[in-house]
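Please read them alongside the model.

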Amino acid sequence: MAFDNVRLPEQIERGSQSIPRFQTTVVTLGRGAEQRNADWAQQRMKYDVSYGIQSEEDYHEVRDFFMARLGRARGFLFKDWSDYYAENQQIATGDGVAEDFQLVRRYTSGVTYERKIIAPVTGTVQMFLDGVPTSATVNYSTGMVSFSTAPADGVVIAASFEFDVPVRFNTDEFPIELYIFNAAAIGSIEIVELPTRA
């Protein structure tokens, strides 16, 4: 799968619409009862970058970016300004054996949902063992963190970091205004999060 480690211009990202998505199959049973099945192990975000286009210059930047990605063919990075930072986020508990851990972003409201983070921003990851800063090796292409010695049993492993979202355009067509720029006339330009393995 072709992927470019580049991002859209910041002003476009900041103005974009963010839409968290899950895929759920709902079957209505006899007497009106429901059976629900979560088809995706992880959410897949959707964004509409047309909201971030506020000038003719913005429009041309997005058009050029789209052309360079060959529409849906090439993935790229996106900074979701509504959710891009995790602070002192518990990612695991040591067992005295494991040395490698996946960065996750946790969302808690009665229960906890863990979002796998595979694109932390280079240079932003800080690791903690029971609240004490510590060093670790970070793979910025996968979000895996490796310790030289396995954290002891029961030690809380936490991290603070910024992260991007691997995405692609959701269309191979781009709306082009030939004569006059009018932000209201630009149709939806969707990008979608690339799937990750559970």
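1. Gln89 is buried, because its relative accessible area is 12%, under the 20% cut-off. The model is a predicted one. Gln89 belongs to strand 7, which covers residues 85-93.

2. The side chain of Gln89 comes to 3.1 Å from the backbone nitrogen of Arg106. Leaving aside residues up to four places away in sequence, Gln89 touches Val104, Arg105, Arg106, Ile157, Ala158 and Ala159.

3. The aromatic pairs number 12. In one of them, the ring centres of Phe76 and Phe169 are 5.2 Å apart and the planes stand at 45 degrees, so this pair is tilted. Phe76 is in strand 6 (residues 75-78) and Phe169 in strand 16 (residues 165-169), so the pair links distant parts of the chain, 93 residues apart. Both Phe76 and Phe169 are buried.

4. For Phe101 and Phe147, the ring centres are 6.0 Å apart and the planes are at 70 degrees, so the pair is edge-to-face. Phe101 is in strand 8 (residues 100-102), while Phe147 is in the loop between strand 14 (144-146) and strand 15 (156-162), so the pair ties together parts 46 residues apart in sequence. Phe101 is buried, with a relative accessible area of 9%, and Phe147 is buried too, at 6%.

5. Ring pairs also join Tyr59, Phe65, Phe66, Phe76, Phe169 and Phe174 into a cluster.

6. Two charged ends sit over rings. That of Lys79 is over the ring of Tyr84, 4.4 Å from the ring centre. That of Arg105 is over the ring of Tyr107, 4.4 Å from the ring centre.

Definitions and conventions:
Residues numbered from 1 in each chain as written. Predicted model: local features only at pLDDT ≥ 70, side-chain atom pairs only at ≥ 80, totals over all residues. Heavy atoms only, no water. Helix = DSSP H or I, 4+ residues; strand = E, 2+ residues; numbered from the N terminus. Buried < 20%, exposed > 50% of the residue type's maximum accessible area, 1.4 Å probe, protein only. Polar contact = N/O pair within 3.5 Å; in protein donor to acceptor, adjacent residues only side chain to side chain. Contact = heavy atoms within 4.5 Å. Phe/Tyr/Trp six-rings, centres within 6.5 Å; stacked < 30°, edge-to-face > 60°. Lys NZ or Arg CZ within 6 Å of the ring centre and 35° of its normal.
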